Amino acid sequence: MISFSNVSKQYGGQILFVDASFHLGTGEKVGLVGPNGAGKSTIFRLITGEEHPDDGMVDRPKRLSLGYFRQDVGDLKGRSVLAETLSGAGEAGALGEELAKLEHKLGDPGDEDMNTLVERFGEVQARYQELGGYDLEARAQAILAGLGFAPELIAGDVGALSGGWKMRVALAQILLARPDVLLLDEPTNYLDIESIIWLEAFLKDYPGAVLMTCHDRDVMNRVVAKIVEIDAGDIKSYSGDYEFYEQQRALASAQQQAQYERQQAMLAKEEAFIARFKARASHAAQVQSRVKKLEKIEKVEPPRRIIEKTFDFKKAQRSGDDVIKVEKVGKQYGSRVIHDELSLLVRRNERWAVMGENGAGKTTLLKMMAGVTSPDAGSVTVGASVTMGYFAQHQLEQLDASRTVIEELVAHSPTTNLGTLRSLAGAFGFHGDDHEKPIKVLSGGEKARLALAKILFDAPNLLVLDEPTNHLDLVTKRALVKALSEYEGTIVFVSHDRAFLRAIATRVIELAPGVRPHVYGGPYDEYVAATGREAPGMRQAS
């Protein structure tokens, strides 16, 4: 259906692909992977025709419909959420809008010819029905509900939404349009766990083809059946899910390493012979023969390795046994009760995952634990010798926009040597020239990584983390999981990443509006087994 044949592409001196080829077949679900800057977004733009290859060919049928979800949405405003979603539904959406206008004109034709209006209304109505337009609103409602929109939000002004919720509207538009091919660039970035699980089920059952980048390991494992990897100008395809790709990549890398080492040993032996006997006339023929042999040998390259990000964090000081005590806490905003007589005891070295649907009070609980918000009733007591590190999205605004990445780290810890701080930056995805990036030009995800790096570097013995994995790629997430697994302290966190939940949580508390919190005294997998679901507000894909 879509074929890349010997495609080459570069920007200035940066080469993205050289003679790269791959194929996206009808109905295929494919994951696109590669380090930042490898060219994943360029692949999408080459498919849409926004860019063209320097060499080679990108072939796709002329009548193929594409839906491209990207991380930059326009300034959505002036419509309800439902109307904005319907407006993006391709031809059916446009016809629906025209039908509404024609109906209005038929009621008050003014100077327009009634026969012409009736004739056009009949044409538009027939095509609208043919495209399933009369089911469009119901499907839009179902998609928006799956993506976490409450009824009052669906009816509300799209312009009043935050950037993250506008991203959900943009995603809903594309899913509603049902194109032949979905191009999805990090569709889970702004979704809660319930919406991610809904999207996962939707994409698994989607009849069209899907090409996606995604930082959620579970989604990649459950949706895609093929991985296309971009690495150092080369594109390789692996049949299977993300876990299978990792295994095959590791196996191929090990085999290539073994070939490389065998060849290096042989070359060293031959070069030693040449060096030893090149001055002896009696061995001249043998030396010349071996020199020619070495010149003809095709050299085996060492395998390219994914750079694993690691950082040895300072050891946290020991806290008292009772780390945080939440006693009969009440909290409400206006007439809306968030928490009512909530009690919880967090003990040293426990790792609590806080779960609950949107509006259940997860972030509010973390804010009260961190002292950012005070309870209306009851108390939150931090234990003896507790030093806290609190990560939340609002902290991104506290970064000094006039500094570079490395200057911000130096200002945070002026007595630490520069090499250590550069290693810290690298562990959180800032490499080489990225160290000198001004904070004012960083994306939201980059700012989040920088704020998280500062907190973890201080080695507090209590970490309160609200969505710490947002915008982190799979390699950086793996480094964070490794660091937190070795962390000798207590963690209370909210996360929508199931791999992260499985790796970190040793206790789960589930919050729900108007219901007593339910505590599960084991890891996330035990919570799933006990409840029969991966998240509190599971939604059915439709």
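This is a predicted model: local features need pLDDT of at least 70, side-chain atom pairs count only at pLDDT 80 or more; totals for chains, interfaces and linings use all residues.
Reader: Which is the crossing of H10 and H11, left-handed or right-handed?

Author: Left-handed. Numbering starts from 1 along each chain as its sequence is written, and side-chain values use heavy atoms, with hydrogens and water left out.

Reader: At what angle do the axes of H10 and H11 cross?

Author: At roughly 145 degrees, coming within 10 Å. H10 covers residues 242-277 and H11 residues 284-296. Each axis is a line fitted to C-alpha atoms over the stretch in contact, and angles run from 0 to 180 degrees between N-to-C directions. Helices are DSSP runs (H or I, at least four residues), strands likewise (E, at least two), numbered from the N terminus.

Reader: Which residues in H10 meet H11?

Author: Leu267, Glu270, Glu271, Phe273, Ile274 and Phe277. Their counterparts in H11 are Gln286, Val287, Arg290, Val291, Lys293 and Leu294. Contact means heavy atoms within 4.5 Å. The contact residues divide into seven nonpolar, one polar and four charged. Ala, Val, Leu, Ile, Met, Phe, Trp, Tyr, Cys and Pro count as nonpolar; Asp, Glu, Lys and Arg as charged; the others, Gly among them, as polar.

Reader: How many cavities of 30 Å³ or more are there?

Author: Three. A cavity is a set of points on a 1 Å grid over the protein atoms alone, where a 1.4 Å probe fits but cannot get out. Volume is the space filled by probe spheres set on the points, which are joined across faces, edges and corners.

Reader: What classes make up the lining of the largest cavity?

Author: Seven polar and three charged residues, with no nonpolar ones. Among them are His215, Asp216, Lys477 and His496. Lining residues have an atom within 4 Å of a point.

Reader: How many bridges join E17 to E18?

Author: Four, and the strands run antiparallel. Two residues lie between them in a hairpin, where Gly514 has a positive phi of about 75 degrees. E15 and E16 run parallel, joined by five bridges.

Notes: A crossing is left-handed if the near helix is turned anticlockwise from the far one by less than a right angle, and right-handed if clockwise. On a 1 Å grid over the protein atoms alone, a cavity is a set of points where a 1.4 Å probe fits but cannot get out, and a pocket is an open set with protein on both sides within 12 Å along at least five of seven lines; lining residues have an atom within 4 Å of a point. Two strands pair if DSSP finds at least two bridges between them.
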